[in-house]
Amino acid sequence: MVKQLCFALLILSTKISSAQSPAYAVKPETEYLKDPIGLDNAHPRFTWQTNDRRQGARQTAYRIVVDTDSLRLNKTGGQLWNTGWIKSDRSLVVYGGQELKPFSKYYWKVDVADQNGKQSVKTRISSFETGMMQGGNWKGTWISDNENKQLKPAPYFRKVIETRKKIKSARAYIAAAGLYELSINGAKIGNHRMDPMYTRFDRRTLYVTYDVTQSLVTGKNAIGVLLGNGWYNHQSTAVWDFDKAPWRNRPAFCLDIRITYEDGSVETVTSGKDWKTALSPIIFNSIYTAEHYDARLEKAGWNTVNFDDAAWKDVINRSAPSANIVAQALHPIRNVEEIAVKSLKKFNDTTYIFDLGRNISGVSKITVKGPAGTVLRLKHTERLYPDGRADLSNIDVHYRPTDNQDPFQVDILTLSGKGEETFMPHFNYKGFQYVEVTSSVPVELSKKSLVGYFMHSDVPVAGSVSSSEPLINQIWSATNNSYLSNLFGYPTDCPQREKNGWTGDAQIAIETGLYNFDGITVYEKWLADHRDEQQPNGVLPSIIPTDGWGYEWGNGPDWTSTIAIIPWNIYLFYGDQKLLADCYQNIRKYVNHIDESYPTGLTSWGLGDWVPVKSKAPVELTSTCYYYADAVILAKTAKILGKTADYEKYTLLAAKIKNAFNAKYLNKETGIYGAGVQTELSVPLYWNIVPEEYKAKVAQNLAKRVEADGFHLDVGLLGTKAILNALSENGYADIAYRVAAQKTYPSWGWWMENGATTLYENWPIDAKSDISMNHIMFGEIGAWLYKGIAGIRPDPANPGFKNVILEPHFVKGLDHFEAKHNGPYGNVVSSWTRKGQGISYQVEIPANATATVILPAQQEMKVYLDGKLIPGGTKHLDAGAYNFEWK
């Protein structure tokens, strides 16, 4: 009893101490990265959250200090920048101090004052480091081994350097046309995969910075570089003509290793004519198909000091692929998760099928022992034939091979015969669940002989969903698996058949991505790709980046509205205007082009409701809705950026589009658009083009239409973005949930019931075409779970979840639902549970944020907040944890 009492007093004293302790800043980031190195931005953004769980917690002031000496920050304040105490609740601030210099490390910290004016005393010191800052600071030469873009083996490069003084720090800066792996003294540098990220190589090339201080030794050091083709030298042939890209050439690279010694002197080791080169055992590599490796050609120790490179050739100088070499400042691609084999089936001594138990993007790694010259073929597939063998027929349909030397998604490994050997591709990834291994001679394999690696841009998790319905949890997980499988420095459609940056798929999935993951760095990079690809007249291609394919097919407002929709969503989720400002003229050119081409306000430019169940809405209907959305976003952006004339101009244009659209498609007597199918009713509702006085009638018709369709989907790509939202936002959340939780065809649940671990490209699982089994294009449901059930939405008037809109829907069929989203201010929690005939609803609002809670009316029930009876309706809350109950 005494122990229990002491423990209770300890808990109480801890709570009191916590309640009295001042707020302090946590999660400090520079350019949305933790302690990044190699930044080019002369005015980086600082962000942070406030750690304070008290109700009403808010920041009333902040002070940022920046210095090159971390010790000075706490003693004298920052010499480069000291904002002094600024009365503000902002937690996103752009650097405004002395000019930043290249190759420099800066330390910074932010102190905050709470709602009582009490200043923080506990703050983590953060850092960031500049890179080249400008192209003229490069010292290295672009080098390659030859100019033959048809040559298949990947090249090695090496150089031995000698350092004679004690090293204080060292940074490697490497840019490549193609892909690379950098090594020092026999060890690969870093854990990134597939660097640098894919861009339009002849317009923008990325470089990456590594801290190599611990990799170098005093004395001799061997620097090694292995180059792969990537998208730069696309040797495989497919319908998108990447083999004909205007930039194509043999891969090349430029490297500077900047070494700072303890005595303050600096030495830069560079790529140049004094390097040596030879062909590697990677005898073929294609980012699109696979990798072939002949272990008999291995050059043991090729990247170590004592290797004899007398037989190696001299390198050649090359021109840079573009004049725009800029820092890669985003979350890298990694082997994020190792996946053990779930089952193994042995057909005979030379044929095995490994099943990972789930569909992933990434690579397999095999460990095997066999005679020299043994050839293993590792075929990666999403499904099996009835006889249990690997089936590629659903994903190789757009491949156009010129011979049989480059089989699709088939790694080819030739063994050296030197004991146990391990192979994992360097410059390729695939989409697969199964790996069929066939061998030229018998080999012995077990379940442990192979593992899979789920590979993608390693963006931090930002959200979670859990519910009382296992199917909903399964759909949410599968959606995230597909989203991540299609994030490789740019959003793709599928990780196997195409790997293309289809704009339509990405605009559909943007909210799903942002609710679940902290993806701003990837999207800022991809919108720079948009700016690189936009034609002078404003037109964008349907896939970005592109070699030139997609300007004539697949683009239009329903797809390439990414130029407006994605910056707008970044603004809503992060409260950051930068991407909107960066893309403003591009959005404007795009909208102007449509206005000039379609002066009536109606546009038929686009693909329409791609891969529908059965009913197809007119392209003009759906494309005009997207055109309207673009004009509205442009007008809002103009207002945000203080462009008054443009705000007025594009507000009038949006009204013109809206009036023309409703004049043609809305039957005002019946409240039906077009023929009244699901997409025709839901898309105008979702994009808010329906006149206010007709919304209730249109929504009622949509609900009736869905009921007539047996509470099943009858939409394609564009309709799937709209259908659930249009229902739940207009009083029909229960119907939306019935559709979302369906287990029979056509539905997301139908896929899950048939074993899906990712989302598919087509509603029928036995479709004859368009049947990739890892597509993100139907992924809006992942965002709708946050919006339509938990009710978490950003407030456009106070974006970045500065004010959170909370409008939960206690839908029939669920006993519990919880969603969490870690936004710019911290964790937002919306969680409800049925308790007998009543409902308990828990809310958490992070410090320095507020919420507008729209309380759903529950028939014959009263609402209580933290035990006190309150009126229903809308409630405005400060930061803190709250408990609502309906009794």
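Predicted model: local features only at pLDDT ≥ 70, side-chain atom pairs only at ≥ 80, totals over all residues.
Reader: Why are α13 and α16 called roughly parallel?

Author: Look at the angle: helix α13 (residues 717-728) and helix α16 (residues 781-790) pack at about 10 degrees, with their axes 10 Å apart. Angles under 35 degrees count as roughly parallel, so α13 and α16 get that label.

Reader: Which residues make the contact?

Author: From α13 you have Leu 724, Asn 725 and Ser 728, and from α16 there are Ile 781, Trp 784, Lys 787 and Gly 788. Sorted by kind, the residues of this contact are three nonpolar, three polar and one charged.

Reader: What makes Thr 521 buried?

Author: Thr 521, which sits in helix α5 (residues 520-533), has a relative accessible area of 3%. Buried means under 20%, so Thr 521 counts as buried. Leaving aside neighbours within four places in sequence, Thr 521 is in contact with Glu 31, Tyr 32, Leu 33, Ala 329, Leu 330 and His 331.

Reader: What about the largest nonpolar core: how many residues does it have, and which have the most contacts inside it?

Author: That core has 220 residues, and those with the most contacts inside it are Ile 366, Trp 748, Phe 817 and Phe 884. Helix α9 (residues 619-640) gives the most to this core, with twelve residues. Another core, of 27 residues, lies apart from it, and includes Ala 172, Tyr 180, Ile 257 and Val 315.

Reader: And what does Phe 884 touch?

Author: Not counting residues up to four places away in sequence, its contacts include Ile 839, Tyr 841, Val 853, Leu 865 and Lys 875.

Definitions and conventions: Residues numbered from 1 in each chain as written. Heavy atoms only, no water. Axes fitted to C-alpha atoms, helices over the stretch in contact; angles between N-to-C directions. Helix = DSSP H or I, 4+ residues; strand = E, 2+ residues; numbered from the N terminus. Parallel < 35°, antiparallel > 145°, perpendicular 65-115°, else oblique. Contact = heavy atoms within 4.5 Å. Nonpolar A, V, L, I, M, F, W, Y, C, P; charged D, E, K, R; others polar. Buried < 20%, exposed > 50% of the residue type's maximum accessible area, 1.4 Å probe, protein only. Core = buried A, V, L, I, M, F, W, Y, C linked by side-chain atoms within 4.5 Å.
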